[in-house]
Amino acid sequence: MIFLLSLSLDSLINELENEGTTISFIFYDLKNDSTIAQYYPNRRLPPASIQKVITTFTALKVFKKNFSFKTYFFRFKDELYVFPNGDPLLKDSDLDVISKKIYELGYRKFSKLYYDDSYFTKSKYPKGWFWDELDESYAPPIRPLVLNEGIFTLTYKFAPKHNFNNLYVKLIKSNVLKYEIISDTILVYGDFNRSSSLTFPQKEPEQFFLWSLKNALYKNNVIVDSVSGFKELPNDAILIYTYESKPLDSILKYMNLESSNLIAEMILRSIGALIYSRGDWENSIRALKRILYLESVDTNFIMYDGSGLSRYNLISPKTFIQIYKSAYKDESFFKDFLNVLVEPGEGTLKDRLKQLKGRLKAKTGTLRNTVSLTGVIDERIAFCIIIYGFNNNPQKYRNIIDNLVLMLGAGLEPASPNGQ
């Protein structure tokens with residue numbers, strides 16, 4: 001069996017290399033602390049979204065699984081201030097809860113509505129997020145105050161109601177597909193009909209949040225005279241209400257299921273804000289690497305974001321194995337860590353590796369010219385595979401990865417090839 005497996009791997013790798021495609025992988029037995037199979041596991045390649053595994057591991061080490069993000073509401077004279085600390089999953093329904101609570105506290109009117117987002121620095125995007133992707137829903141601006149994951153999707157059935165996310169909608173026929181927000185109105189340009197659906201990132205998420213909050217307050221009988229913008233929170237402002245997010249483990253599970261780039265970046269910047277009191281990209285990555293170093297993970301890799309969308313990231317499969325080895329040392333932590341990864345039949349693994357349902361916890365990755373997969377089988381066999389540089393349909397290479405996982409995921413003895 002080992003001989004046949006070796007021939008199969010040799011043939012596969014020769015085929016990929018002959019077409020100019022690069023592959024790197026490692027399968028590791030955590031229980032026996034031994035390599036099952038590997039092929040140049042130290043190659044640094046773009047990891048794509050499996051990089052969220054690194055963000056997940058670090059977040060659980062820093063915050064613990066029951067940590068929650070908080071959004072604070074302050075009063076100063078007759079003004080209302082929102083001070084966020086990076087809750088990535090605030091939704092319209094949360095604004096309704098917040099508004100009702102403010103009403104119950106006895107408030108009926110505010111003259112102005114402000115936000116203070118100084119928890120993060122002003123930069124909205126990490127390095128390596130390409131300009132031609134910034135109009136896509138998977139690449140919204142990364143800010144500490146955000147509603148509905150930084151995007152909105154407008155479908156025909158909502159259009160006649162002329163409201164969405166507590167804002168008004170006006171449709172304008174145009175050959176150009178775009179939107180803009182003016183005061184509390186979303187102007188949607190495009191050929192919009194019964195079959196179309198328009199999804200946009202929120203270019204100014206803070207303003208989107210404030211106008212949505214103003215209208216939610218109004219629906220709950222609290223009047224705001226005017227929506228302003230950023231203003232530093234006064235020292236003598238009075239905290240009137242704190243809204244807490246879901247616990248971190250449920251946020252991480254959702255992040256990995258949906259492969260949400262926004263959540264990964266919000267969590268990464270929150271790590272930097274906690275450790276270095278400054279939620280910028282550089283300090284956040286420095287904080288992440290500091291945690292990994294303390295966990296005996298080699299940090300000699302290149303990383304520019306927390307999601308894997310940056311094309312500048314270069315990380316080897318061996319780094320992921322070191323993370324699993326660190327997690328494996330603590331049985332309780334290891335289970336918590338695996339529980340927020342994805343199983344076959346759900347999320348991005350909905351139609352993959354169904355033979356391993358109930359046995360596999362993993363994270364997928366896809367970028368232009370890159371596919372990857374990393375995870376753990378039977379809470380014992382850790383693996384990471386990255387295929388990079390192809391110019392064909394990525395499904396072919398996903399199938400190669402899945403076949404490798406099925407071949408090598410049974411805890412076999414080390415087999416050739418054994419690239420270094």
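Predicted model: local features only at pLDDT ≥ 70, side-chain atom pairs only at ≥ 80, totals over all residues.
User: How do I read a pocket, and what volume does the largest pocket have?

Analyst: Rolling a probe the size of a water molecule over the atoms shows where empty space is left. On a 1 Å grid over the protein atoms alone, a pocket is an open set of points where a 1.4 Å probe fits, with protein on both sides within 12 Å along at least five of seven lines; lining residues have an atom within 4 Å of a point. Grid points are joined across faces, edges and corners, and a volume is the space filled by probe spheres set on the points. Here the largest pocket has a volume of about 310 Å³. It is lined by 16 residues, and Tyr179, Glu180, Ile181, Lys203 and Glu204 are the closest to its centre.

User: Which elements supply at least two residues of that lining?

Analyst: Elements are DSSP runs numbered from the N terminus: helices (H or I) have at least four residues and strands (E) at least two. For the largest pocket they are strand E9 (178-182), strand E11 (197-201) and helix H4 (205-219). E9 gives the largest share, five residues.

User: Which strand is joined to E9?

Analyst: Two strands pair if DSSP finds at least two bridges between them. E9 and E10 run antiparallel and are joined by five bridges, with Lys178 opposite Tyr189 in E10.

User: What about the second largest pocket: what is its volume, and which residues line it?

Analyst: Its volume is about 210 Å³. The lining includes Ser137, Tyr138, Tyr254, Glu258 and Leu262. Helix H5 (248-258) and helix H6 (261-276) are the elements that give two or more residues to this lining.

User: Now the sheet. In what order do its five strands stand?

Analyst: The order is E12-E5-E4-E3-E13, an open sheet with mixed pairing. E12 and strand E13 (238-244) stand at the edges with a single partner strand each, so one side of each has no neighbour in the sheet.

User: Which pairs are parallel and which antiparallel?

Analyst: Strand E4 (residues 79-84) pairs with E5 in the parallel sense over four bridges, and Val82 stands opposite Tyr115 in E5. E5 also pairs in the parallel sense with strand E12 (residues 223-230), over five bridges; there Leu113 stands opposite Val227. By contrast, strand E3 (residues 70-76) and E4 are antiparallel, with six bridges, and Arg75 has Leu80 in E4 as its bridge partner.

User: Is E5 mostly covered or mostly open?

Analyst: Buried means under 20% relative accessible area, exposed over 50%, and partly exposed in between (1.4 Å probe, protein chains only). Strand E5 (residues 109-115) is mostly covered, with five of its seven residues buried.

User: And where is Leu341 found?

Analyst: Leu341 lies in the loop between helix H9 (331-339) and strand E14 (360-367). It counts as buried because its relative accessibility is 0%. The C-alpha atoms of Leu341 and Leu262 are separated by 17 Å, and the two residues are 79 apart along the chain.

Technical notes
Residues numbered from 1 in each chain as written. Heavy atoms only, no water.
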